[in-house]
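Let's walk through a few spots in this model together. Have the chain open and follow along.

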Amino acid sequence: MHGTVNKRTGFRVLLTAVQLLLAVLPAYSQSQISQNQDGFESSLYEGNLKDVVKRDSTVIQREVPKDYVQWTMNPLTGLMDFIGPDTVQYLFQNAHRTEGLKSQYSNLGNMGSPRISRIFSLRKDAPVLLFDTPLDHFVTNPSEFRFTDTKTPHLNLTYFSGGNKITGDDHLKGYFAANFGKKTGIGINMDYIYGRGRYSNQATKMFDSRFYWYYHGDVYKLHLSLNTDHIKVTENGGITDDDYIVSPEKMAEGKKEYAPESIPVVLDRNWNNLNRTQMLIAQSLNLRSAYQRTDSIGDTVITRTLFREIGTFANTTEFGTLERRFIYYDTPAHYYEHDWLDNDSVDKFQNFYLDNTFSFNLNEGFSKWAVAGFRAFAKYEFRSYRMADTLQAGRSSEYLRRENEYSVIVGGSIDREKGKNLNLGVQAQTVVLGDRIGDFDLVGNIDLDMNLMKRPASLTARAMLSGRTPDYYMRHYHASHFWWDEDLDKEIRMRAEGDIRIDRTGTRLQAGFTNLNKYTYFHDNGTTYQDEAVLHNVGISQESSGIQVIDATLDQNLSLGVLHWDNSITWQYSSNQDVLPLPDLNVFSNLYLRFVYAKRLKIEFGGDVTWFSEYYAPDYSPAAGVFHTQNSSSMVKVGNYPMINIYANCVLRDVRFYVMVYHVNSGMDGDFGGPFWAPHYPMAPRMFKMGISWTFFD
């Protein structure tokens with residue numbers, strides 16, 4: 001009965017909010033949909049509003065230019081990779097969710113918590129610091145950051161909120177961009193997350209601040225960026241018993257339902273803290289050739305000197321300090337199998353890194369012979385690691401050991417990107433000196449525009465082959481409870497994939513095959529204490545036999561008038577589910593009405609559902625800050641549970657906003673698995689969420 005009342009209350013709140021929005025918002029009038037840095041793929045969905053507003057002809061109106069462009073700095077070529085500004089309404093209601101836009105990521109049930117993709121092809125390579133990997137939804141490295149060139153100074157503010165002031169979530173971010181003339185620009189970015197968490201001891205606090213400056217001369221270009229991040233994740237180790245969620249009537253109190261904050265959790269006063277400071281300096285020098293062009297206007301002959309861009313010399317330097325601390329003031333008895341550092345309560349890891357790259361680029365089309373672009377680069381990498389070590393048994397002999405590694409990498413690419421129907425490219429790099437000598441990457445791709453069943457279609461094929469030494473912290477890890485030094489072989493990875501898209505039918509099909517040799521992964525092989533608690537002992541393993549992964553994803557968008565039904569279905573096969581567990585199916589379905597109210601307000605009203613098949617999902621280790629395969633003595637499956645949201649997503653000129661009832665089916669009965677993203681980490685229960693993004697020009 002209590003669950004039914006909550007559902008009715010949620011629907012009433014949503015209906016009331018939508019009615020208020022429809023009544024109030026038509027009074028506003030701005031001039032363009034907001035453009036911010038939420039990470040949408042603007043090439044896939046519609047975006048800009050370009051409605052012409054009727055004006056009083058007797059009043060002189062000042063037109064404020066709202067054009068701007070954004071780009072990232074390619075760390076290998078030193079060139080600007082332009083990205084379309086984010087102006088989309090579609091899926092804005094999911095922009096803040098740790099699960100991702102299409103809910104492909106499993107997490108610990110709170111905004112900002114560590115996450116891992118259930119779709120193997122979407123998992124990223126380890127960044128500079130391995131411990132950043134589960135926090136990739138928040139961490140933005142300098143090579144991923146977007147610079148902005150704007151004709152008019154503008155400010156974007158975005159705010160997401162969910163739940164109440166005690167257990168709710170808040171996410172505030174914004175950026176300011178301005179130019180000084182046509183060549184110089186500056187900007188400031190800020191991102192802040194405070195996820196209090198519906199369950200005990202799972203709060204997250206994350207703050208990122210960033211400043212950038214650039215100069216774009218005719219010959220010389222310079223980019224500078226500086227960022228600092230402070231991340232704090234409270235670790236609760238999951239709930240003590242899944243029956244509090246799936247079968248509350250079995251518990252001692254005999255309740256039919258438990259408030260999330262009253263469910264006991266495993267850990268208390270445990271935190272993971274990450275502090276990051278990074279700087280990027282990117283310089284480039286254009287190579288140009290002059291030529292004369294003569295034009296005749298009547299009897300007047302005009303000769304002008306023009307320049308042809310031949311190529312670029314570039315130097316990119318990136319460096320930073322990264323620190324991780326795991327703080328454990330209260331650890332349950334018989335929880336870890338080992339206690340290597342007696343009487344310690346903090347595990348500390350410190351990194352310094354420096355990347356320095358020189359590149360030479362020849363532009364495609366600078367002469368009739370230049371049918372493709374050519375890139376060549378040489379890169380020096382330096383890594384310094386500090387972590388605990390001991391000279392002999394005993395706390396008094398502990399110290400922080402420093403170890404340095406370096407690599408010299410050379411590589412290049414040939415790319416044809418301006419072809420009418422056919423484009424292709426090949427990129428290769430290898431380590432010629434240093435600790436990772438022999439590592440290599442080889443990538444080839446081809447893009448073809450064609451007709452398929454008399455309809456325009458695009459086909460993309462890509463093949464990759466790499467051999468890489470596992471990350472330093474996979475080879476060496478020293479901490480209070482986990483300790484290893486392993487001599488690991490290079491991991492050899494081969495992948496071939498294809499992608500076909502038919503825009504007129506809203507169809508996109510992707511398929512791929514991956515072969516893994518010497519696959520390296522984290523495991524938990526802790527033993528059982530007196531036939532009761534399973535002790536934790538996370539370590540590293542390397543699979544001797546090959547693993548094959550086959551995957552296919554169908555994106556199919558259907559529409560009938562104002563009714564839209566968008567689906568994304570992924571099928572996967574892993575030849576070794578013990579080492580690389582993956583769900584067979586992952587489904588995201590979005591059913592909504594799209595219409596315009598009062599000629600100004602664009603509305604998407606509907607609901608989405610996420611479902612994935614049952615599997616032995618990776619568990620999470622608070623002490624190591626990584627996902628790992630489950631302990632064989634206590635394995636549980638997660639999945640086979642539909643998570644449903646209902647929302648109204650709106651755009652009014654420079655404003656995007658939404659209201660949502662998140663996890664509307666929380667507490668439902670039926671023949672489904674429990675509402676868990678990861679083992680013993682339940683999904684957040686039903687809550688009301690909202691968000692708004694507003695761009696202010698001039």
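Q: Where is the place of Leu 91?

A: First, some ground rules: this is a predicted model, with local features needing pLDDT of at least 70, side-chain atom pairs counting only at pLDDT 80 or more, and totals for chains, interfaces and linings using all residues. Residues are numbered from 1 along each chain as its sequence is written, and side-chain values use heavy atoms, leaving out hydrogens and water. Strands here are DSSP runs (E, at least two residues), numbered from the N terminus. On that basis, Leu 91 sits in the loop between strand S2 (80-83) and strand S3 (105-107).

Q: Is Leu 91 buried or exposed?

A: Its phi is near 65°, a positive value in a residue other than glycine. Buried means under 20% relative accessible area, exposed over 50%, and partly exposed in between (1.4 Å probe, protein chains only). Leu 91 has a relative accessible area of 2%, so this residue is buried.

Q: What is the relative accessible area of Asn 201?

A: Asn 201 lies in the loop between strand S8 (184-195) and strand S9 (204-216). Here too a residue other than glycine has a positive phi, near 55°. Asn 201 counts as partly exposed because its relative accessible area is 27%.

Q: Which residues is Leu 448 in contact with, leaving aside its neighbours within four places in sequence?

A: Leu 448 is in strand S17 (residues 440-452) and is partly exposed at 30% relative accessibility. Contact means heavy atoms within 4.5 Å. With those neighbours set aside, the partners of Leu 448 are Asn 421, Leu 422, Ala 457, Ser 458 and Leu 459.

Methods. Helix = DSSP H or I, 4+ residues; strand = E, 2+ residues; numbered from the N terminus.
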